[in-house]
Amino acid sequence: NADGWKADGDGLTPNGQDVYFTNAGAGEVVVSGVVTPANVNITGGEYTFTAADADSGIKLGTDGVMSISAGVVVNMAMDNAELGGSTVLGGKLVLQSDDALGNTELKFNGGTLVYDTVTDAQDNKTHISTDLSDQASLADDYTGPVKIEVTDAENSVTWGTDAATSDDNSGVLAALNSGIEKTGEGALTLQLAHPNAADGVAEYAGAIDVQEGTLTINSVKKHASNNGVKYSGAVSVAGGTELHLDADIQGNLNVIDLAGAISGEGKVSFGNTGRNYRISGDNSGFAGTLQLGANVGTTSFADSASAGGVDTELELNGANFTVEGAGDKTIVSKLIVTDEKTSTLTRGNNTFFTGSVTGSGTFRVAGGIRAGMRGDLSAFDGTIQVDIGTAIMELGGEGVANAGGDIIATLASNGTYKTIYTDEVVLAGAVTDAAKLQQSGTG
């Protein structure tokens, strides 16, 4: 009520009893002193909890629960250092104070945890970014995703969990096992430290759903064994969003494997610090961007479909990459060869690219294989570099018409370049070093 929720013994404080907020008095609740209910049940409406002074707060009873039902919005704009007990989140809980949840156990039950940004009268912003991973888990019988919103594009929140000290339903492990749903324009990082032991491949089957902003998942491996991390849940990235996978690992044989099928129109990017990445899902329906970073190892595609479909942009940002499996491989996604970077098709099978190629970087073929670019090359003003004299780079292919205008790329190094078109093509770029040129086809 207008007098607030007081702890001064004037009859307004149900000490040790259950307190219900049922929408009858929705609005601001001013807490004065330390109120001590047994449990708090918020079953309807939108409430904003504020403190009368720095010494005010909510303190649950032993084993007490603050329950926020589905459809409810709670703006917690006060510190509750001694909240205790557990908070079961079925609705939306908006954090507007760094210590809003104090020492409570946060149990996700279908609701959304919101990291807000508070603006004072002088337009100074305070980004709420408290790491609650040590306090977070799934409610009993709840198997849905962990839902986290970071409202402001300037805010960045990091959750960190040591897998050696956590169970599968707590912290970052809960998000990766049961699923993570990221909303809000800000950035969220889930950082997972793996134990310093030879524990095999750690697999996480939760779906990854990035609806707004950026989500980074960073795996930290502390040993040099033949281990890795596998994300096998479905991946969805909405247009304008980004999922970034990174790793800080030791050992050449450790692999970060994105095995879930990717959908949406956003970006999935891979970092520069990990050693080996693998992309093994069927991504033929993905209409966004796959960006391969300049990692010290290799990014492997399990097959052609893992590299995307005709609407996928495959951005080579200084990456070493290959396609696994026997036989010739055809990648149909559109290639972007990042400016001032050298990306390398490292080894393995004969690989052919049928999508358009753009950018100003260097596309390098390192192995003694056949490779081919059969799409539109007219907008690619970078360099194609074939290192080994026995390697062949085909421009065009059997029965392929020139898809664009002049080819302006530089053809460099020691390999053989074959032009195979059914019509005329003009090579307007330089042929340099010991590169060999052959005209084939009927054009």
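Student: Which residues of α1 are buried?

Tutor: The model is a predicted one. A residue counts as buried when its relative accessible area is under 20%. Seven of the eight residues of α1 fall in that class, so the helix is largely enclosed by the rest of the structure. The buried residues are Gly171, Val172, Leu173, Ala174, Ala175, Leu176 and Ser178.

Student: Which residue follows α1, and what is its phi?

Tutor: Most residues other than glycine have a negative phi. The residue that follows α1 is a glycine, Gly179, and its phi is positive, near 120 degrees.

Student: How many helices and strands are there in the protein?

Tutor: The protein has 443 residues, of which 51% count as buried. Its C-alpha atoms fill a box of roughly 95 × 45 × 35 Å along the principal axes. The count is one helix and 46 strands.

Student: Which residues touch the most other members of the largest nonpolar core?

Tutor: That core holds 104 residues. The residues that touch the most other members are Phe49, Phe108, Trp159 and Phe363. As for elements, the largest share of this core, five residues, comes from helix α1.

Student: Which residue in β16 stands opposite Phe108?

Tutor: Strand β12 covers residues 105–108 and is joined to β16 by three bridges, the two running parallel. Beyond its neighbours within four places in sequence, Phe108 has contacts that include Ala136, Ser137, Leu138, Tyr142 and Trp159. The residue opposite Phe108 in β16 is Leu138.

Student: Which strands stand at the edges of the open sheet of six strands, and why is one side of each left without a neighbour?

Tutor: The order in this sheet is β2-β5-β8-β10-β12-β16, with parallel pairing. Each edge strand has a single partner strand, so one side of it is left without a neighbour in the sheet; these strands are β2 (18–22) and β16 (136–138).

Student: What is the bridge partner of Leu243 in β29?

Tutor: Strand β26 (residues 242–248) is mostly covered, with five of its seven residues buried. Seven bridges join β26 to β23 (residues 214–220) in parallel, and there Ile217 is paired with Leu245. Four bridges join β26 to β29 (residues 267–270), also running parallel. In β29, the partner of Leu243 is Val268.

Student: Is Asp63 buried or exposed, and what is its relative accessible area?

Tutor: Asp63 is placed in the loop between β7 (57–58) and β8 (65–68). Its phi is near 60 degrees, a positive value in a residue other than glycine. Exposed means over 50% relative accessible area. Asp63 is therefore exposed, with a value of 70%.

Student: What is the relative accessible area of Asp123?

Tutor: Asp123 lies in the loop between β14 (117–119) and β15 (125–127). Phi of Asp123 is positive, near 65 degrees. Asp123 is exposed, and its relative accessible area is 63%.

Note on methods. Residues are numbered from 1 along each chain as its sequence is written. This is a predicted model: local features need pLDDT of at least 70, side-chain atom pairs count only at pLDDT 80 or more; totals for chains, interfaces and linings use all residues. Side-chain values use heavy atoms; hydrogens and water are left out. Two strands pair if DSSP finds at least two bridges between them. A nonpolar core is a set of buried Ala, Val, Leu, Ile, Met, Phe, Trp, Tyr and Cys residues joined through side-chain atoms within 4.5 Å. Buried means under 20% relative accessible area, exposed over 50%, partly exposed in between (1.4 Å probe, protein chains only). Contact means heavy atoms within 4.5 Å.
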